[in-house]
Amino acid sequence: MKADDEGTPRFGLRSFRAKFVLVVGGAVLFDLLLSGGLALWNVQKLSRDATSEVGEGLTTANQEYIRSYAESTALSVDLLLDRVHGDVKALAGVLQAQTDDPSRQQQVGATLSQQAPGSVKVVYDAQGDWAQNLPGAPSVVSVWGYLLGADHSPLPSVQQEIEDSTVLDLVAPTLMASGSSKLQMYYIGPKERPIFRTVPYTDQAQTFDKLYPGHNKAEFWEFFFPGIYGSWQQWARDPASRPVPDDITQTAPYTDAITGKLIVSFFHPLWTRDRTGIAGTAGADITLDQLAEAVERVKIAETGFGFLTMSTGNVVAINPSGQAIIGLTSSSDAGSQGVTGLERSLRGSTQPAIASLPLDQNNDGIIQHIMLDNKGEHVPYIVVLKRLKPTNLWSSGPIKSETMSVGIVVPEREIYASLFAAQESISRATNRILVFQIATIAVSLLIVFAAVLGISKRITAGLRALAGAAQRLQSKDYSVRVSIPTRDEVGAAGIAFNRMAEQISFHTENLEQLVDERTRDLGDANQEISALNEKLRDENVRLGAELAVARQIQMMVLPKPFELEAIPGLEIAAYMRPADEVGGDYYDVLQNGSRVKIGIGDVTGHGLESGVLMLMVQSVARALQETSERDPHQFLDRLNRAIYKNIERTNTNKHLSLAFLDFEDEQVTLSGQHEDVLILRADGEVERIDTLDLGMPIGLENDISKFIATRDIVFGSGDVIVLHTDGVTEAEDQDRKLFGFERLCQSARKRQGRSAEDIKTGIIEDLMAHIGIQKIHDDITLVIIRHT
């Protein structure tokens, strides 16, 4: 072993460098070899396992996905039917309560007859030989000729039935405006007095004369719905005889006499007080479009589709391309008596596999593989049928049990395309990983050997120099200095050592002089600090005045209450609270003719720079609106270009999220990227709209046109739109819990039906109660828009 001039050992088995190289180099080498070998082995094993199992896994997953899709579609249809059932039962409950209490029924009828004579007074039509009330009443009531006396007035019992049924005018409009969308709701009297009262008012009897000649001379129930009344009478005698334990009776799809649309009717019989007979029925109609929508929007893989079929095989709903694939033909079951139905049966399909498709309980949710002919080519398909809840069905004759099914059809080659692609991707990925892993291990070994040798030399050289210098300093040689060229911790230690040696030498020789100089320096420093404090106070006063002016300007350009009140059809209430003197939030309401543009944005950060950028946005938006720029895409693109150039000129790093709502003719067009938009529907339903894909932050790029998109939103009467910045949802309480979007939804829902100002005030109260005594860290902006 050799030593240097200071007696420090050089490289040898007992030296620090040798120990460093052996320990660190050996550990790294062992780790690389072990981890690299294990990685190669694991990659190969995982590749083999994945390749062998991916087929079964993807097949099972795809089949489960199709089953789940069928189940969710079936649940959607069941939910629609349940909502209609609930509305009909609610109407039937009111009418049944009236029937069970005749005195109250007469009192209510008499009161309503006095208040609204047009609901009970009918006028005879000589040409049609029927009587009907005049337009203007909430409902239309039709009385057929055989229910009229010699003077063409309703028989006394029939007139009493007309008055007793006026309670429909109170209940039905409310049910029509809530729950599931319905075409009409009505009351039909018993077999002896089958008056027909319907909400809303229509030319009822006139339409029946055109479509059903002779109906006025025939008994109503047997003419239009033969067999249904007899079934209800059997239910009254024996409730256990109902095919399905429910009073609701559903018709097969048929053509509505008034609208000409394909509809489904739902009847709920009303019972006499002793429950032994029929006192009439409550009913509601929905269009077949509502049932069809749930299955026609099915989209699986490239060409997969869905359909809704009855147990007889008659397909109620299917999209045109799906109808062509499974070979269905349509025909109308038209006749001179009764309602007109639709016939489009699986049993009449031109595809044998579809015509023989089993529809019984044993095939509920089972994957079925069939072959369909497609232009001479036999193509394998997968079919899944999911049964709906059973219901009482009338089509012609007695009521029977019916269980409809939702079907999902998808080509096998589209489902299994992902399997083959996954297997090929796994193979390619495995080969790439193996090559990269081997190359990485080899390169890492070379780098480790070179790095360990080089680092050990640099570290030990500096340590040897420090050790020698320390020995000379110990011998009171204060002139000693070390030269370590590295910039690592050893180099920092050398610099610190040199400074320490200089300070020791200096303090040893000049201690008293140093004390005097330090005293004078402290006095000078105190004077400088006092002068700086005075300047700082003056500067704070000046900045405070400037910020106050900036805040005043910022608040001046916000929409004034009289501007918002002048907008027809809308109630708008807004709230803005900056976190500092000047905020970075933006909102504005701009009107140009019948078009109203509402903007909301949030500049990054807050303070004077953010406030100035907000004013730029307000000015540019106002200028574009005044130029009648109606295209939301062009509007946002031009605004971004102007703001980007201003940001570039001012050399600031600010930008902002920004979204606009264009309102015109009860339609809202949303554009731009900002926080999620909350919509509170008049019926209480809440929608949340994500704006992430409608744009990008303003001021980041000169051209964002390719990122801008729009979304149309139906904005009906009573609907409410809530716009906000992240200062609302990210406000924290004392436990650092966020206010969040769900609390915002709950707060808005609690004020359902109130004015925009009440909703805004209530949300702000909830927000401030959540924040409590905590400091507000971000600007808060809230805009409530209510369609009156």
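Isoleucine 188 stands opposite phenylalanine 196 in β5.

First, the ground rules. This is a predicted model, where local features need pLDDT of at least 70, side-chain atom pairs count only at pLDDT 80 or more, and totals for chains, interfaces and linings use all residues. Residues are numbered from 1 along each chain as its sequence is written, and side-chain values use heavy atoms, with hydrogens and water left out.

Some terms. Helices (H or I, at least four residues) and strands (E, at least two) are DSSP runs, numbered from the N terminus. Two strands pair if DSSP finds at least two bridges between them. In general, strands of a sheet pair through backbone hydrogen bonds, either parallel or antiparallel.

Now β4. Four bridges join β4 to β5, and the two run antiparallel. β4 also pairs with strand β9, residues 278-287, again in the antiparallel sense, over five bridges. There, tyrosine 187 stands opposite alanine 282.

Is β4 buried or exposed? Five of the five residues of β4 are buried, so the strand is largely enclosed by the rest of the structure. Buried means under 20% relative accessible area, exposed over 50%, and partly exposed in between (1.4 Å probe, protein chains only). Both faces are covered. Gln184, Tyr186 and Ile188 are buried on one side, Met185 and Tyr187 on the other.

Next, the loops. Proline 200 sits in the loop between β5 and α5. A cis peptide bond joins valine 199 to proline 200, with omega about 5°. Arginine 275 is in the loop between β8 and β9. Its phi is near 60°, a positive value in a residue other than glycine. Arginine 275 is partly exposed, at a relative accessible area of 35%. Lysine 375 also has a positive phi, near 55°. The loop that holds lysine 375 runs between β14 (367-374) and β15 (377-387). Lysine 375 counts as exposed, at 85% relative accessibility.

The search runs on a 1 Å grid over the protein atoms alone. A cavity is a set of points where a 1.4 Å probe fits but cannot get out. A pocket is an open set with protein on both sides within 12 Å along at least five of seven lines. Lining residues have an atom within 4 Å of a point. Grid points are joined across faces, edges and corners, and a volume is the space filled by probe spheres set on the points.

How many cavities of 30 Å³ or more does the structure hold? Three. The largest cavity has about 190 Å³ of space. It is lined by 20 residues, and Phe196, Phe208, Phe225, Tyr254 and Asp256 are the closest to its centre. β4 gives the largest share of that lining, three residues. Elements that each supply at least two include β5 (196-199), α5 (204-211) and β8 (262-271). By class, the lining has 13 nonpolar, five polar and two charged residues. Here Ala, Val, Leu, Ile, Met, Phe, Trp, Tyr, Cys and Pro count as nonpolar, Asp, Glu, Lys and Arg as charged, and the others, Gly among them, as polar.

The largest pocket holds about 610 Å³ of space. Its lining has 17 residues, with Arg83, Gly179, Ser180, Ser181 and Glu685 nearest its centre. α1 (16-100), α4 (168-177) and α8 (288-296) are the elements giving two or more residues. α1 gives the most, with five. The classes are six nonpolar, six polar and five charged.

Last, the sheet. Five strands form an open sheet in the order β19-β28-β27-β24-β25, with antiparallel pairing. β19 (570-577) and β25 (686-689) are the edge strands, each pairing on one side only. The twist averages 15° from one strand to the next. Three bridges join β24, residues 677-680, to β27, residues 720-724. Leucine 678 stands opposite valine 722 in that pairing.

Which helices go with the sheet? Helix α18, residues 740-750, lies across β24, β25 and β27, at about 30° to β24. Helix α19, residues 756-771, packs on the sheet and touches β19, β27 and β28, its direction making about 150° with that of β28. Contact means heavy atoms within 4.5 Å. Axes are lines fitted to C-alpha atoms, for helices over the stretch in contact, and angles run from 0 to 180 degrees between N-to-C directions.

That's the tour. Questions, please.
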